[in-house]
Amino acid sequence: MSELSITVLRFGFLILLWALVLSSIAVLRADLYGTRVTSRGKGRNKRRDDARADKVAAPSRSATGVRTGSISTSSKAVGHLAVISGPLKGTTIPLGTAPILIGRSPTCTLVIDDDYCSAKHCRIFPENDEWRIEDLGSTNGTFLDNQRVSDPMPFKRGDSVRLGATALELRS
Amino acid sequence: MSTVSEIRVRAGRRSEMALLAISWVIIVLARAQVDYNAAYLEISVIALYGLGTAVLMIAAHVVLDKVAPNADPVLLPAVFALNGVGIAEIHRIDLAEDTSFANAQMIWMALGVTAMIVVLLVLRDHRKLRRYTYTAGVVGLVLYLLPLVPGLGITVNGARIWISILGHSMQPGEFAKIALVIFFAGYLVTNRDTLALAGPKFLGMRFPRPRDMGPLLLVWAAAMLIMVYERDLGASLLFFGIFLGMLYVATQRLSWVLTGAGLFFIGGTVAALTIPHVRSRFDAWLHALDADTYASGTSEQLVRGLFGMASGGLFGTGLGNGRPDLVPYAESDFIIASLGEELGLTGLMAILTLYLIVVQRAFRAAIGVRDGFGKLLASGLGFTIAIQVFIVVGGVTRVIPLTGLTAPFLAYGGSSLLANWIVLALLLRVSDMARRPSEEAVPA
């Protein structure tokens, strides 16, 4: 064999080694990229797209613990209560005329799964066209703008309330 | 509306066949090149060699198809390629030094493949191994400490890691690591909650409680014992590294790793300062190119290996054209340097990538499998290969002190090869479980 063919063999071997490596990776590529996004059904796609445009994604009831049934949403909306931090961050509750009970107990309107929250922690209720917040004797307290709430205090738009690891804000 | 779904993984037995074909060509071509360049090419020898390796591959493939049809398709070809390239290089050094390690290694390869097949046939479900958690632990420790038994252990090159039975010598530590991975997996899957959740917080990390440190200290003590009495730095590092890695996987707590690494660092430093054998290793590592150290012979092997790899350059001298035999133990501890010389950086990188693929597959199997024991087992075996490669390649390239471990599947050594094929069998078993389509994944 000539010098040339030896060189060809020498480089050919290296190329072959890398061919094995690269084809192994090619076999694995499905695994490396992991997931695939697929549309769900052909016929329904268009309708779904339209529906999505005017629908705001609401967290499911089981995920948020929000008991939608106990809130009266029929009256004109005054605003809503938004959870701005904590485990339920992103949840909003429309405010109607009914008071809102917040705590760990499953009977509350907003159920917060937080060790620093009492079973019935605090209450937000309407009085004379404004919302008030009242602490229900919680262990760790409710704070309205860093001030501990004991007697009912007015809860205005933009105020934020902190209980345990959760912060709430009244929004219009 | 769209959904995100995991791509259904094909079993891949056909891709495995194709990859095995490439790796067979690599194996045979490597051997033929060595023969041609370093001696003379005899077609009948090559044909026989090709036939033998083809039989092994087909046997492994067919058995896998029968008993582990969903097993990972790239593990087998990668390992065959590593083993075949190893044999070619060992044969190349045989030609230069007039030894016959390659023939022995080929027999060990055949035994290894057989062992793999037997393990796959016998062990249909890796979860059975969990029953033997503590048995495996005891067996592992005994195997590790076996070379210390007077009359049984023999000292080779200063390290007491061999035992001699009926004239045959073997390295029980290689098998011990499998037993210990099984033990750690079983132990950690039971106790990980206590290890993970309790303890004081310090520097933003939750540290283990002193009373939970028992197993860590026990393993540390055993690792130190191996280092001091068997003078085997590599095995002790491997042993402790596997434990730390699995502990991290089980608890997700960096604090364990830091505590453990700190302990090992202290132990290693003390050993480096007090034990002459370890100190000379450190010396050879830190001052390899000093005239004094080189002249005293402690760093000679290391430096020759470095020069060998340097002369290989980017593309190597070609299989059979270098002088890897100038390095002592070029066929076992320094096979990485030999390959670096003859295949160059390009070839060595391909080999390291093959290791990377094997390790990645181990961790992928760990992610995919559903039971905690399987997860820990697969990641532990992955760590075994990864740490061993790191210790060997790091030692040869002067990243860490040189220790006498073998490069898995590549280096000459029967015990090591056999043990690693068994590791592969376990990995294939776990990956088969991990990649099984979900409807048939949960047997009652």
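Visitor: Where is B:Pro215 found?
Guide: In this predicted model, B:Pro215 lies in helix α7 of chain B, which covers residues 214–230.

Visitor: What makes B:Pro215 partly exposed?
Guide: B:Pro215 has 16 other C-beta atoms within 10 Å. Buried requires 20 or more, and exposed requires 12 or fewer. The value falls in between, so B:Pro215 is called partly exposed.

Visitor: How far apart are the C-alpha atoms of B:Pro215 and B:Glu97?
Guide: They are separated by 46 Å, and the two residues are 118 residues apart along the chain.

Visitor: Why is B:Asp98 counted as exposed?
Guide: B:Asp98 has 7 C-beta neighbours inside 10 Å. The limit for exposed is 12 or fewer, so B:Asp98 counts as exposed. B:Asp98 sits in the loop between α3 and α4 of chain B. Its phi is positive, about 60°, although B:Asp98 is not a glycine.

Visitor: What makes A:Asp129 exposed?
Guide: A:Asp129 has 6 C-beta neighbours inside 10 Å. With the limit at 12 or fewer, A:Asp129 therefore counts as exposed.

Visitor: Where is A:Asp129, and what is its phi?
Guide: A:Asp129 is placed in the loop between β6 (122–127) and β7 (130–135) of chain A. Its phi is positive, about 65°, and A:Asp129 is not a glycine.

Visitor: How do you know that the span of helix α2 of chain B agrees with its number of residues?
Guide: Helix α2 of chain B covers residues 43–67, which is 25 residues. The expected span is 1.5 Å times one less than that number, so α2 should span 36 Å. The C-alpha atoms at its ends are 36 Å apart, and the two values agree.

Visitor: Which residues of α2(B) are buried, and what do they pack against?
Guide: The buried residues are B:Tyr49, B:Thr53, B:Leu56, B:Met57, B:Ala60 and B:Leu64. They pack against α1 (13–38), α3 (75–97), α4 (101–122) and α15 (414–435) of chain B.

Visitor: What makes β11 and β12 of chain A a pair?
Guide: Pairing requires at least two bridges between the strands. Four bridges join β11 (residues 160–163) to β12 (residues 166–171) in chain A, so the strands pair, and they run antiparallel. In one of these bridges, A:Leu163 has A:Thr166 in β12(A) as its partner.

Definitions and conventions
Residues numbered from 1 in each chain as written. Chains lettered and ligands numbered in written order. Predicted model: local features only at pLDDT ≥ 70, side-chain atom pairs only at ≥ 80, totals over all residues. Helix = DSSP H or I, 4+ residues; strand = E, 2+ residues; numbered from the N terminus. Contact = placed C-beta atoms within 7 Å.
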